[in-house]
Amino acid sequence: AGHSTAAASNALYRGNLARGQTGLSVAFDLPTQTGHDSDHVLARGEVGKVGVPVCHLGDMRALFDAIPLERMNTSMTINATAPWLLSLYVAVAEEQGADIAALQGTVQNDIVKEYLSRGTYICPPAPSLRMITDVAAWTREHLPKWNPVNICSYHLQEAGATPEEELAFALATACAVLDDLRAKVAPDHFPQMVGRISFFVNAGIRFVTEMCKMRAFAALWDEICATRYGVDEARYRRFRYGVQVNSLGLTEQQPENNVYRILLEMLAVTLSKSARARAVQL
């Protein structure tokens, strides 16, 4: 999903695309996530470790060299520096001569969860929330096919939340984002923006609880969109989510056990007809 250098990541992408892959997923290293250049003293030992380092337009240009962005669907796992990374992505697409309105993809852009569970925030909460919704409002006008925020409940459970707490905090984050966004988008465009919100959910080992959690997520989101935000069209109230199985529930000592743990975790989010995951990472 992105590693070591922009050039190495580009080679990986091009190899995968040649074999039939149809979309791109970009993970950025910790210095990039926290707004530090690769040569910054705080970046030492972390450059290219958990993702690709991108410090400037040249890096982004190298990352997508010879890849037609207009034909891609690109997911970028980036939060605190999402406005800058998205702007660099758009700049490279413009250099390629792409129709910016045709760009498709997702930027995670959930800085609230960085306070709740991860820690790679830069600005205080209020400016962070403003950046989330500024990006969302900008995409509505210029990138209509783009998913501007991916609410992450996954990290909450990894940080110790129960499935019930994961559900509650994720929906609270979504409400905070939409409450702020409502003032920045015209009323007739707002339901479409609600429909572009997506979620990234944890699938833990507690089978019955996790299955009930996903049903509750879908039902509550539909209710919130209808009653709190007045969204009439059912398609804009759909709970759009992807899942990753719980990392902390897996074991290094007896890895063969992980196969069955992953199977149970996956089943919990695929059996419910009304709440099936759109994408599952095992």
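These notebook entries record what I looked up in this predicted model.

**Ground rules.** I number residues from 1 along each chain as its sequence is written, and side-chain values use heavy atoms, with hydrogens and water left out. Since the model is predicted, I keep in mind that local features need pLDDT of at least 70 and that side-chain atom pairs count only at pLDDT 80 or more, while totals for chains, interfaces and linings use all residues.

**Helices H4 and H6.** I took helices (H or I, at least four residues) and strands (E, at least two) as DSSP runs, numbered from the N terminus. I looked up how helix H4 (residues 82–95) lies against helix H6 (residues 125–142), and found that their axes come within 10 Å and cross at roughly 25°. The axes are lines fitted to C-alpha atoms, for helices over the stretch in contact, and the angles run from 0 to 180 degrees between N-to-C directions. H4 and H6 are therefore roughly parallel to each other, a label for angles under 35 degrees, with over 145 counted as roughly antiparallel, 65 to 115 as roughly perpendicular and the rest as oblique. For contacts (heavy atoms within 4.5 Å), I noted that Pro83, Trp84, Leu86 and Val90 in H4 meet Met131, Val135, Trp138 and Thr139 in H6.

**Cysteine 225.** I found cysteine 225 in helix H10 (residues 207–227). Is cysteine 225 buried or exposed? Cysteine 225 is buried, with a relative accessible area of 0%; the scale sets buried under 20%, exposed over 50% and partly exposed in between (1.4 Å probe, protein chains only). Leaving aside neighbours within four places in sequence, I listed Val194, Gly230, Val231 and Arg237 as the contacts of cysteine 225. I also noted arginine 238, 13 residues from cysteine 225 in sequence and 9.0 Å away in space, C-alpha to C-alpha.

**Positive phi.** Most residues other than glycine have a negative phi. I therefore looked up serine 4, whose phi is near 55°; serine 4 sits in the segment before helix H1 (6–18) and, at 30% relative accessibility, counts as partly exposed. I then looked up alanine 66, with phi near 65°, in the loop between helix H3 (57–63) and strand S2 (73–77), and alanine 66 is exposed at 56% relative accessible area.

**Valine 259.** I found valine 259 in helix H11 (residues 256–268), where at 53% relative accessibility valine 259 counts as exposed.
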